[in-house]
Amino acid sequence: NMPYVPSQVTGQHVYGMLVMLMKMHPNPSRDLYEAILQHDGGEYGSLGCDFPHPQKQQYPILKVIDEEFTNNYLEYFELRKPELTEDDKLWLKYLDQAEAYLYLKSLQSNDPRVGKVKYNCEVRCIEAIEELKKRGFTFD
């Protein structure tokens, strides 16, 4: 994790994503709901930890390890891996980044490192929104 960003409880993050999904998506799939509930499963308890997105980009091995933690989580709790459409994957990306952005904004931090992380979340949100718009989704 990033020591300059206070940790957010995974359940709060997931709840925020689910609320946004219900408010914004016209017809979400069951698999998208399940993916939201499971997407940070690798962070659960002692099964793994949270690798921030920028670290996974800089060190691709961390993404592999994170995926392994998630697979262990699914296996441990006997959960199936959701089958996501390309639209679902974009929604998951958007909701994950949007909720993270809102959390970071709520911290009201003046630390430039937090500002950089918040900015990167915003950029990824905009990228996902633009792609979803191309696919016919609307955002008011």
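This is a predicted model: local features need pLDDT of at least 70, side-chain atom pairs count only at pLDDT 80 or more; totals for chains, interfaces and linings use all residues.
Reader: What makes Asp87 and Arg135 a salt bridge?

Author: The nitrogen-to-oxygen distance between the side chains of Asp87 and Arg135 is 2.9 Å, and a salt bridge requires a side-chain nitrogen of Lys or Arg within 4 Å of a carboxyl oxygen of Asp or Glu, so the pair qualifies. Asp87 belongs to helix H5 while Arg135 sits in the segment after H6, so this contact ties together parts that are 48 residues apart in sequence.

Reader: Why is Asp87 called partly exposed?

Author: Its relative accessibility is 25%, and the label covers values between the 20% under which a residue is buried and the 50% over which a residue is exposed, so Asp87 counts as partly exposed.

Reader: What makes Glu131 and Lys134 a salt bridge, and where do the two residues lie?

Author: Their side chains meet at 3.9 Å, N to O, which is within the 4 Å that the rule sets, so the contact is counted as a salt bridge. Both residues lie in helix H6, 3 residues apart, or about one turn of the helix. Glu131 also forms a salt bridge with Arg135, where the closest N and O atoms are 3.4 Å apart.

Reader: How do you know whether Glu131 and Lys134 are buried, partly exposed or exposed?

Author: Lys134 has a relative accessible area of 68%, and the cut-off for an exposed residue is over 50%, so Lys134 is exposed. Glu131, at 26%, is partly exposed, because that value falls between 20% and 50%.

Reader: How many salt bridges are there by this rule, and which residues are linked in a network?

Author: The count comes to 10 salt bridges, and Arg30, Asp31, Glu34 and Arg80 are linked in a network of them.

Reader: Turning to the rings, why is the pair of Trp91 and Tyr94 called edge-to-face?

Author: The structure holds 6 aromatic pairs. In the one formed by Trp91 and Tyr94, the distance is 6.2 Å centre to centre and the angle between the planes is 80°; since pairing asks for centres within 6.5 Å and edge-to-face for planes over 60 degrees apart, the name follows from both values. The two residues are 3 residues apart in helix H5, about one helical turn.

Reader: What lines the largest pocket, and which residues lie nearest its centre?

Author: About 1,400 Å³ of space lies in this pocket, which is lined by 42 residues, with His39, Asp40, Lys56, Asp66 and Asp96 nearest its centre. The lining divides into 16 nonpolar, 14 polar and 12 charged residues. Helices H1, H2, H3, H4, H5 and H6 each supply at least two residues of the lining, and H5 gives the most, with 8 residues.

Key. Residues are numbered from 1 along each chain as its sequence is written. Side-chain values use heavy atoms; hydrogens and water are left out. On a 1 Å grid over the protein atoms alone, a cavity is a set of points where a 1.4 Å probe fits but cannot get out, and a pocket is an open set with protein on both sides within 12 Å along at least five of seven lines; lining residues have an atom within 4 Å of a point. Grid points are joined across faces, edges and corners, and a volume is the space filled by probe spheres set on the points. Helices (H or I, at least four residues) and strands (E, at least two) are DSSP runs, numbered from the N terminus. Ala, Val, Leu, Ile, Met, Phe, Trp, Tyr, Cys and Pro count as nonpolar, Asp, Glu, Lys and Arg as charged, and the others, Gly among them, as polar. Buried means under 20% relative accessible area, exposed over 50%, partly exposed in between (1.4 Å probe, protein chains only). Rings of Phe, Tyr and Trp (its six-membered ring) pair if their centres lie within 6.5 Å; planes under 30 degrees apart count as stacked, over 60 as edge-to-face and the rest as tilted.
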